[in-house]
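Subject: Structure handover

Hi,

Here is the structure I promised to pass on.

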Amino acid sequence: MAETDKDDLISILEDDDPDAEIPGILPLMPVRDVVVFTDMVLPLFVGREKSVRAVQEAVAKEGFLFLATQMDPAIENPGTDEIFNTGTISRVLRMLKLPDGSVKILVQGFAKAKIVNYTSRRSVYRVKFERMVEPAVDKISLKTEALMRNVREHCEKILVLRGEMSGDVITVLQSIEEPGKLADLVASNLRLNIEDSQQLLEIVDPKKRLKKVNDLLAKEVQLSTMQAKIQAEVKEEMSRSQRDYFLREQVRAINKELGEADDSLLELEDYKKKIKRARMPKDADKEAAKQLKRLEQMHPESAESTVVRTYLDWLVDMPWSRSSKDVIDIKKAQQILDKNHHGLDNVKKRILEYLSIRKLNPKSKGPILCFVGPPGVGKTSLGQAIARALHRKFVRISLGGIRDEAEIRGHRRTYIGALPGRILQGLKQCQTNNPVFMMDEIDKLGADFRGDPSAALLEALDPEQNSAFSDHFLNLPFDLSRVMFILTANTTDTIPSALLDRMEVINLAGYTQEEKAAIAFKHLLPRQIKEKGLKARTLTISTGAMEQIIWEYTAEAGLRNLEREIGTICRKAARQIAENRQKKFQVTRLNLHKYLGVAKFIPEMDQEQSQIGLATGLAWTQAGGEVLYVEASLIGGKGELIVTGQLGEVMQESARAALTYTRANMARFGAKKQSFDDLDIHIHVPAGAIPKDGPSAGIAMATALISALSGRAVRNDVAMTGEVTLRGRVLPIGGLKEKALGALRGGIRKVIYPAKNRKDLAEIPTKIKRRLEFIPVVSMEEVLEVALLKKGK
C-alpha cells in the first residue's frame, strides 16, 4: 500500500456523502484484472469504444458509473453473461481525453449494487440495479474488536516483510473503526486474484467480510514470510560467493608473490598448449581463443564455466590436422580382401579400382560406397578389410532407428548435456580425420517432429559440400572430405532418392552352396572352435555334413545362421569334453542329427511331384532370393476372383492382370466360357502370416491359373519370375542373381526369366549357370510351353 494511496483514502472518508442521489439506471463499464470496492480510488485507462461512451454518458450527467469485473480478462468485448452481476456504483472524479481517442479517469467506489437487468446492450451497456445495503454495526463486540486488531497486525507484518511500512499507513489503519470499511480497505490493497476479490465484494455482512479478509491475510503472511526467507538466503549466498571470490583473488595474489601458480592458472595454461598442438583452422583457432578468454574471466565454479570447458575439450580433442598415412599396395590389398572374403569378385574389383585411383591421385574426391545385400553376407567385414588395406582407422556407427536430426548434426550448446553428432563423435574416438567410416542400416533411418536425419546426412555424404560440414555443437566447419564413407543397407527401397543419388550402390547378392561350404571350413569353423575353447584336432566336420547343415538347417543368403549351427555343434562338444566323456568328435551326415536335431528346412518338400494349379515363382526380399509357391483352385460360384496370402497391391493387380489374360485367351488353353461364369477362382500364396508384394509374380500366377483351368500340371523343377501384361508379354524384373541363388536353395533346375534380363546373366557366377538352366521368354505362350506338362503326364 503506497503512502499516496493512504492520503487519498483519508480524504475520501472525510468527503463521503452517503445521501447523494443516484439515478435508477446507470451506464455500465466492464473492468479487467481489478475489483472495485467501496471508498476505493483508482485511475483507469479506458480504450474500448463502448466503455468510452459509457464514461462520457456518466460525466455528462451526475458522474455515476456502474463498474463490474468481467470474468475473463482476455475477452475484448464481453457479453452480459461474461460480466459478474455484483459490482460497485462509482463516481468519476476526473477525466482526461488522450490523443488516440481513449480516456483516463479517476474513479471512487461509492456503493455496492447488484444488476437486476440490462436495459441497453448495443452502443452502451445500461443496467437497472439494486443497492446492497450493509447491516449497521451499532456496537462492536469483543470478538469483532479482536478480529479488527488481528487484521491490523497482519497488515503491519506484511508491510514490514515487504519493506513498505510507514507511520501514515498505521495511522490510517488505526483510524478506521468500522469492520466493513476496514475489510474493504485491506481487500483493495491486497494482491488477491479476481475470484477471491469478487467473493469479498459479494459478502454483505461486514463481520463475515472481515473474517474472510483475516483468513486471506493469514495466508498472505505465510507467503510473504517464505518469500522474505528465500530472498534472505539468496542474498546470503551472493554475499558468500562474493566473499569467496575476494578470498580466491587474495590467494592468487599471494601465490603470485610466492612464485606458485594456482589450479585455475594451470588449467588455462594447459588449454593454451592444447590449442596450439591441435593446429586448428583459422576460424576454429579464433573461436578457441575467444572461449578461453571468456573462461579466464569467469568464476571457476560457475555453471557457464562448465559449458565453456566442455566446448574447449571438444575443440582441442578433434583431429583437425591428424590423419593416417595411406599405404596403398594394390596387390597386398587384394590379398587382404581374398583372405577375409570368399567370392564377391565384382565387389572386390570395384574396391581395388577405388584404391588404385586413390594411389594415383591422393586428393581425388572418392565416391560414397553403399553395400546393399541381405543380412550376413559380409558388408561390415568388407569395410574393415578396406581399412586394413589402407592402413586407416575404422569407425562404425549404426543408424537403425535414429529419428532425431541432432544424432547426426549434434545438439546446440544451449541444451543441458549437449554433445556433437555421431559423425564427429566417431572422428574424436579414432583421433584421425581420414578413417574408413561405416554407417550401418542406412535404410532403417526414421523421421519425426525432431527432424529428418537423412536430410542431415545429405551434407555429410556429398563430396562437394562435406569439406565444410557444420555441427550444431561445434558451430564451426569441419573437413570431412578425407573421410572414406561406406554405407550398408538391406534394400534401397526405403532410402530417400536424394540421399541415394549421392551414393554408388554395390549389390552383394549372397553365396552359393559351394561358397558357403568353403567359407565355413576356412573361417567360420576355426573361429567357433577358438571361441568355444576347443582345439583344431578335437572337432572335424565332413564335407557332406557341412552341405547338409547348409541345405537342411539354414535357409538364408548370408552366413549368420550357418555360423550359429556350427557354434551349436562346438558348444555340445565342449560340454562333453568338460565332463570328460569324450575327447575327439567327427561330425558326419549320419550323426549330424545328434548335435542339431531334426532338419529345420526341407527344400524339396513341395517339389516331390508336378501338380495341377501349383506354380513356383521367385521373389526378392531383404533376406535374399526366395522360392514363392502360387496355388490356384476352382470352386463353384459366380466368376469372382479371390486372392489370399496377405498380398500387397502390386501382387493383387498382377493376379487381376493374369485373370484378364486367361479369360481373353481361354479358347487357346482348352477352357470353356462357362467355366468362368460358374466358378470362383481362388489364388493363394502360402505363408499367409508374411506380407508379400512386388512386380515379379505375374507369370507364376497366370501359369497356376491356366494350369487349374486346363488340367495340365506345372513342372516341379521349373521356377519362374516376370510380370505379365494383358497382352501376354513378359516384362523385365530386378534381382535376377538373388533369385537364382534362391532357386538353387529351393532345389530348382530350370529358371524362366524375361528375355530383356539377358544382360543380368553376366553378373551370375559360372558355377550357378552350370547348375541352373536359364530359359529366356518374351510371351506367356513360351512360358506355358516350358512350364506345363501335356495331359496324361
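Let's begin with a strand pair: strand S9 (residues 436–440) and strand S12 (residues 484–489) run parallel and are joined by four bridges. Within that pairing, Phe-437 stands opposite Phe-485 in S12. Before you go further, keep in mind that this is a predicted model.

**The sheet and its helices**

S9 and S12 belong to an open sheet of five strands, ordered S8-S9-S12-S7-S13, and the pairing is parallel. At the edges you'll find strand S8 (394–398) and strand S13 (503–507), each of which pairs on one side only. On average, neighbouring strands of this sheet are turned by 20° against each other, ignoring direction.

Two helices lie across these strands. Helix H12 (residues 345–360) lies across strand S7 (368–372), S12 and S13, and runs at about 145° to S13. Helix H15 (residues 422–430) lies across S8 and S9, at about 140° to S9.

**Arg-409**

Is Arg-409 buried or exposed? Its relative accessibility is 14%, and buried means under 20%, so Arg-409 counts as buried. This arginine lies in helix H14 (residues 406–409). Its side chain makes a polar contact with the side chain of Glu-459, at 2.9 Å. A polar atom of the Arg-409 side chain also lies 3.2 Å from the backbone oxygen of Ser-470. If you leave aside the neighbours within four places in sequence, Arg-409 is in contact with Gly-421, Ala-456, Glu-459, Phe-469, Ser-470, Asp-471, His-472 and Phe-473.

**Aromatic rings**

Phe-473 turns up again here: together with Tyr-311 and Trp-314 it forms one aromatic cluster. Trp-314 also has a charge over its ring, with Lys-428 lying over the face at 3.9 Å from the ring centre. Elsewhere, Lys-50 lies over the face of Tyr-125, at 4.2 Å from that ring centre.

How many aromatic pairs does a search of the whole structure find? The count is eight. One of them is the tilted pair of Trp-320 and Phe-478, 5.0 Å centre to centre with 50° between the planes. This pair links distant parts of the chain, 158 residues apart: Trp-320 is in the loop between helix H10 (303–317) and helix H11 (330–340), while Phe-478 is in strand S11 (residues 477–478). Both Trp-320 and Phe-478 are buried.

**Met-148**

Met-148 sits in helix H3 (residues 142–162). With a relative accessibility of 1%, Met-148 counts as buried. Apart from neighbours within four places in sequence, Met-148 is in contact with Ile-140, Ile-176, Glu-177, Glu-178, Pro-179, Leu-182 and Leu-210.

**Helix H25**

The last item is helix H25 (residues 736–745), which is mostly covered, with nine of its 10 residues buried. Among the buried residues are Glu-738, Lys-739 and Arg-745, as well as Leu-736, Leu-741 and Leu-744. Just after H25, Gly-747 takes a positive phi of about 80°.

Cheers

Methods:
Residues numbered from 1 in each chain as written. Predicted model: local features only at pLDDT ≥ 70, side-chain atom pairs only at ≥ 80, totals over all residues. Heavy atoms only, no water. Phe/Tyr/Trp six-rings, centres within 6.5 Å; stacked < 30°, edge-to-face > 60°. Buried < 20%, exposed > 50% of the residue type's maximum accessible area, 1.4 Å probe, protein only. Lys NZ or Arg CZ within 6 Å of the ring centre and 35° of its normal. Polar contact = N/O pair within 3.5 Å; in protein donor to acceptor, adjacent residues only side chain to side chain. Contact = heavy atoms within 4.5 Å. Pairing = 2+ DSSP bridges. Axes fitted to C-alpha atoms, helices over the stretch in contact; angles between N-to-C directions.
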